[in-house]
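Subject: Handover of a structure and the findings in it

Dear colleague,

Please find the structure below, together with its sequence.

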Amino acid sequence: MTLRVYNTLTRTKEEFQPVVPGKVGIYLCGPTVYKPAHIGHMVGPVIFDTIKRYLTYCGYEVTFVINITDVDDKLINRARERGMTVEELAREMTQDYFDNLELMGVETVDHFPRATEHIAEMQQMISRLIEKGYAYPLEGDVYFEVTKDEDYGKLSRRSVEEMLAGARVEANERKRNPADFALWKKSKPGEPAWDSPWGPGRPGWHIECSVMSMKYLGETFDIHGGGLDLLFPHHENELAQSESCTGKPFVRYWLHNGLMQASGAAKVGGAHDRHGDLVDQLAAQEANKLAGSKGADSVKGLFEVFPPETVRFFILSTHYRSPIDFSEERIAEIGKGLEGFYRLIETYQRITGKDFYALETATRRNDSPPLPEEPADFIAEVQQLRDRFFEAMDDDFNTGGAVGTLYELRRAINAFVNQRQLEGAGRSDRQAMAAFEAAMRLLKELANILGVFRRPVQKPAGADDEMVGRLLDLLVAIRAEARKAKNFAMADKIRDELAKLNVTLEDRPDGTIWRRN
RNA sequence: GGCGCCGUAGCCAAGCGGCCUAAGGCAGCGGAUUGCAAAUCCGCCAUCGCGGGUUCGAAUCCCGCCGGCGCCUCCA
């Protein structure tokens with residue numbers, strides 16, 4: 001089975017072949033930390049976290065880097081507005097970003113390099129580019145000269161001529177070419193500044209990613225990720241300056257994820273297009289407001305309404321290259337789908353008395369234990385679903401397809417539990433129980449690759465929880481007596497009244513359980 | 001205007017030339033199960049935007065049209 005990935009550079013699916021056999025380097029463009037993260041900022045990290053999980057599972061040793069842009073015009077402006085230093089603002093928003101990543105289950109990142117911690121390296125790279133004739137200083141700035149780079153535009157498939165034709169009036173007309181971009185920017189008084197051979201200033205936007213990616217992953221590395229919106233100019237420029245500097249290929253596979261959009265109107269948190277008329281802009285803004293009432297603003301707000309795991313599942317339910325329409329309805333729908341998994345997990349824990357979340361499962365495919373032989377038909381089905389899960393993941397990380405097989409696995413296991421009456425008399429059937437447990441372990445193993453079902457979903461917490469639980473147990477016990485006495489009127493009344501309080505009762509073969517909705 | 005992407009059931013979505021008389025989820029309908037429910041299971045629910053073409057064969061490739069969207073502004 002071979003892994004194939006869609007490479008933006010070649011616009012085709014290619015067989016995945018790392019630079020160094022057995023090892024993979026992934027660099028993902030991270031956030032500019034000037035405001036709280038919104039849902040769109042979570043898409044890339046969740047996707048590439050999943051990609052790393054899968055590659056690791058496949059046996060690769062993976063290094064995953066996400067950069068933090070902590071110096072930038074937006075930071076400077078926002079910090080000024082809030083009456084704080086750029087450093088303070090960056091620290092606060094970086095923490096917000098980390099908090100959200102943790103909640104989303106993004107936990108495979110090895111390095112979070114900050115731009116401000118790599119100024120010296122950036123200056124070295126800029127100097128090299130000047131020496132090699134690809135860049136020129138200009139009144140305290142330094143620019144990369146795009147016409148010196150033979151294949152400039154190869155990633156986004158633009159030619160310098162086209163860009164010249166469509167170029168708008170530039171603020172700085174002294175640049176040799178309007179498309180030339182800044183490597184180093186002279187600072188104005190009061191702005192953060194670092195000394196440099198070209199005078200006090202700060203780095204341009206693209207240079208940090210070149211420097212930090214190559215520092216942690218080497219001059220040629222495997223996977224560079226980011227949102228589709230970064231394709232041009234950011235990635236194009238990153239590619240140009242990196243290859244001009246080293247003379248080596250920069251990145252093997254460019255992977256771009258689709259953007260989160262608010263109900264098909266406009267991407268979340270983005271600026272509005274300058275070609276549309278005013279009406280369109282207002283409509284887009286309105287749609288943004290409506291659909292993005294929670295997540296478009298900040299992820300934190302969204303998490304007050306939906307468990308982070310549901311949001312993660314939502315992101316992974318569609319292919320990473322497709323745009324996703326964000327809406328609370330959609331996420332609520334995904335949440336309903338997930339509930340079935342949680343119930344199966346509870347069923348498992350009831351039947352076996354084991355803690356599903358504490359189960360040790362294989363983290364590498366080669367360590368995956370073989371399934372039992374019997375019962376053959378059930379095992380065959382489980383095996384087939386496992387294969388289809390991998391087939392999907394091998395096909396450009398098709399998490400949507402993989403999620404589908406997880407649902408089918410759930411269905412198959414539930415059917416098996418029913419058929420063998422594992423909640424009742426069948427519990428003593430050791431063969432059936434072994435098969436059931438193996439299937440559940442596989443479910444966990446596969447879910448781990450997607451980064452879901454790793455720990456119990458947090459119930460709405462309250463100080464009275466323990467007491468509530470005891471009271472519910474008491475009501476259930478009283479109701480059981482009523483049912484025994486065939487006093488169904490009373491039994492139903494208890495159940496109906498509890499339903500009004502959002503407590504659902506289930507009379508199962510081996511007893512009644514209650515669940516708070 | 002330039003470059004590019006997308007259009008599959010009520011909604012979301014996989015599918016990348018034959019395994020598709022098209023996964024999966026949500027909603028809906030019928031049934032099994034249940035004292036009744038809940039949960040679960042079984043079954044039903046699309047010919048793939050439209051029109052041409054290529055091919056023995058197309059949702060999948062090509063052309064045109066219609067509709068939606070992105071980038072061309074330091075937005076992930």
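Helices (H or I, at least four residues) and strands (E, at least two) are DSSP runs, numbered from the N terminus. With that numbering, Pro375 is found in the loop between α11 and α12 (376–394). Please note that this is a predicted model.

Cis peptide bonds

The bond from Glu374 to Pro375 is cis, and its omega is near -10 degrees. Another cis peptide bond joins Phe232 to Pro233, with omega at about 0 degrees. Pro233 belongs to helix α7, which spans residues 231–246.

Positive phi values

Arg157, a residue other than glycine, has a positive phi near 60 degrees. Arg157 sits in the loop between β6 (141–144) and α5 (160–165), and its relative accessibility is 47%, so it counts as partly exposed. Lys486 is likewise not a glycine, yet its phi is positive at about 60 degrees. The loop between α15 (465–484) and α16 (488–500) holds Lys486, which counts as exposed because its relative accessibility is 64%.

Packing of α11 and α13

Helix α11 (residues 328–352) and helix α13 (residues 399–419) have axes that come within 11 Å and cross at roughly 40 degrees. α11 is therefore oblique to α13. Their crossing is left-handed. On the α11 side, the residues that meet α13 are Gly337, Leu338, Gly340, Phe341, Leu344 and Ile351; their partners in α13 are Leu406, Tyr407, Arg410, Ile413, Asn414 and Val417. By class, this contact has 8 nonpolar, 3 polar and 1 charged residues.

With kind regards

Note on methods: Residues are numbered from 1 along each chain as its sequence is written. Chains are lettered from A and ligands numbered from 1 in the order in which they are written. This is a predicted model: local features need pLDDT of at least 70, side-chain atom pairs count only at pLDDT 80 or more; totals for chains, interfaces and linings use all residues. Side-chain values use heavy atoms; hydrogens and water are left out. Axes are lines fitted to C-alpha atoms, for helices over the stretch in contact, and angles run from 0 to 180 degrees between N-to-C directions. Angles under 35 degrees count as roughly parallel, over 145 as roughly antiparallel, 65 to 115 as roughly perpendicular and the rest as oblique. A crossing is left-handed if the near helix is turned anticlockwise from the far one by less than a right angle, and right-handed if clockwise. Contact means heavy atoms within 4.5 Å. Ala, Val, Leu, Ile, Met, Phe, Trp, Tyr, Cys and Pro count as nonpolar, Asp, Glu, Lys and Arg as charged, and the others, Gly among them, as polar. Buried means under 20% relative accessible area, exposed over 50%, partly exposed in between (1.4 Å probe, protein chains only).
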